[in-house]
Amino acid sequence: MEMNMTIARNSAGTKNCQAPEVAALEFQAVSKSFSSGTRALDKVSLSIAAERFTVLLGPSGSGKTTLLRAAVGLSTPDAGEIMLAGESIAGRGLKAARRRMGMVHQDFGLSERLTTAQNVMAGAAASVGWVRVLFQAYPRSIQLKACELLARVGLDEIQANRRAGTLSGGQRQRVGIARALINDPLVILADEPVASLDPATAQEIMALLREAAGERGAAVLCSLHQIDLARRFADRIVGLKDGQIVFDGTPADLTPAALAIIFDGPETRLKPIVAVA
Amino acid sequence: MTTLETPPNDSPWHLKSPIDARAVFIVIVAFVLLSFSAQRVDLGKMAEQMGEFGLASVGLKDSSQIGRGLGGLVSDMFPVAIAERTPITMIEHFDANRLPPFSRIETVQVEESKLDSDTFQTVTLMVEKTYLVQPAGYLVFVLGKMLETIEIAIWASLFAIIGSLPLAIAGARNFTPHPLIYFAARSTVSFLRSMPELISALFLVLAFGFGPVAGILALALHSMGFLAKFYAEDIEAADPKPLEAMRATGAGSFAALRLAVLPQVLPSYTALTLYILDRNVRMAAVIGLVGAGGIGQELKGRYDMFQYDRVGTILLVIFITVLLLDQLAAHLRRRLI
């Protein structure tokens, strides 16, 4: 595992030119069905290139969230493998894999009564002893990093010390992005990160996500249902429908015909909203 | 189902009425059962006596049973005992030159009748009796006992908080390490809650003897059950999204609990803890009745010796202390939550 880390990046934290064969994140024939009988993912195979912004585009119930949750181990696939930088995330590898990934959640996933700084540092809690976690006495390096990241995402010192619950939706998602970046992740998984934000704020947040991830050499796998945002921010768009990949190309390739395949079609309209495990 | 009164040309929808036949039936059954129960617990007598008391207090009746009882009690209790008079013969190492602060010596001449063993006749003698009088002696003593009671309550609450945390984590469905452990934790909690403190104090006095230890343990065990149940329910009801987010960062259960769950449940925990502290002070006062230390023990002792003026002092001190602590708890609740 340590060897893979050095292949992927040098000690300063920025990525070297990566050999094209080693994908940052790879899904191999991943399938998942829920107890209700719905087939959320149907032998999905996908290879996410390092340092690229990949968007999973599709309507509700197409399997985007299930795929992302499977990638971070919040949901276990029935079949198939998921590899992070060549290592399987199943079993014992999961905790280590999670520390090399960052996740941005649709509902932000912050602890509202902790300050924004504490929320960002909590992202690094996995690498800190339990006594430090108990008193939230993080090492100075982590504190400095948190402040750096908060500044990068556009928050100031006063906001750093305010409870996360007092922030607006857009500000909270900025904190979420900062938290996702604190471990210098290989991949950032973003599950509908702007779904609860107004269009203007959504643009800002998507831009921030793309820039901040790019600066730190992290690949992004972001699920969206907004076509305009996908077009504007993605390097590559993967269209999902009923648990299968129905499109894979650049934003330029996203023709109305391709969109019709992804979004329209009687199956999509009749399908109930899938409960996420 | 009741049909809403609709104007003639309006919708045919039937809206469900909240008061249906089943609800009415339940109310009637409850009413009948309560009537039977009222007879069995002598509620009629209570109503009669209260009516009598009401009439007596406005002068329409000469006296009432409640009035007589209360009147006797009040005349015995007031004035309450503040001072302490001890015969010096009962004080060890009494030194007239080194009296305790604020105390004085009183000597009185009392007539005493004694039987002369030679002549078998009753002889009246004038005897001098010397007392040490401490003007606030008994009050100070009672205050000391009240402090002991509060200390019992604090220790019991501390033990309860510490003991209930692992029980709560084990008894929370989203954090328990194993279903069997969950079951064991929940059963333990039910058991602890089902034993009234006074009864467990009785048994603990047998095990640990008279004194505060039995009281502390009795209160701690019951409070532990109470706190563990509600702490566990709070953990289970916590918003799962921050928890999932923490797990997604690779954090273990401890970090997830500390950083995602604890901040959410802390206001509720604080409220519960303050409640338990408050309740334990009141229970600690009572628990002495079975010998488990504190002011209750003193209360029972004096009551059994018919020294109602001292009982009055004790009751007054308990009342004022609980009142003050109530105010303090309310103040703390406002500041902390």
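Predicted model: local features only at pLDDT ≥ 70, side-chain atom pairs only at ≥ 80, totals over all residues.
Colleague: How many of the 13 residues of helix 8 of chain A are buried?

Modeller: Helix 8 of chain A, residues 169-181, reaches 19 Å from its first C-alpha to its last, which is close to the 18 Å expected. What covers its buried residues includes strand 6, helix 4, helix 6, strand 7 and helix 9 of chain A. Among the buried residues are Gln171(A), Arg174(A), Ile177(A) and Leu181(A), and a residue counts as buried if 20 or more other C-beta atoms lie within 10 Å of its own. Of the 13 residues, the number buried is 11.

Colleague: Which element supplies the largest share of the side of chain B that touches chain A?

Modeller: The contact takes 18 residues from chain B and 20 residues from chain A. On the chain B side, helix 8 (240-248) and helix 9 (253-287) each supply at least two residues, and the residues of that side divide into 11 nonpolar, three polar and four charged. The largest share amounts to eight residues, and the element they come from is helix 9 of chain B.

Colleague: Which strands stand at the edges of the open sheet of chain B?

Modeller: The three strands of this sheet have the order 1-3-2, with antiparallel pairing, and the twist averages 35 degrees from one strand to the next. Strand 1 pairs with strand 3 of chain B over four bridges, and Glu84(B) stands opposite Gln134(B) in strand 3. Each edge strand has a single partner strand, so one side of each is left without a neighbour in the sheet, and the two in question are strand 1 (84-87) and strand 2 (104-115) of chain B.

Notes. Residues numbered from 1 in each chain as written. Chains lettered and ligands numbered in written order. Expected span 1.5 Å × (residues − 1). Buried ≥ 20, exposed ≤ 12 C-beta atoms within 10 Å, placed from the backbone. Contact = placed C-beta atoms within 7 Å. Nonpolar A, V, L, I, M, F, W, Y, C, P; charged D, E, K, R; others polar. Pairing = 2+ DSSP bridges. Axes fitted to C-alpha atoms, helices over the stretch in contact; angles between N-to-C directions.
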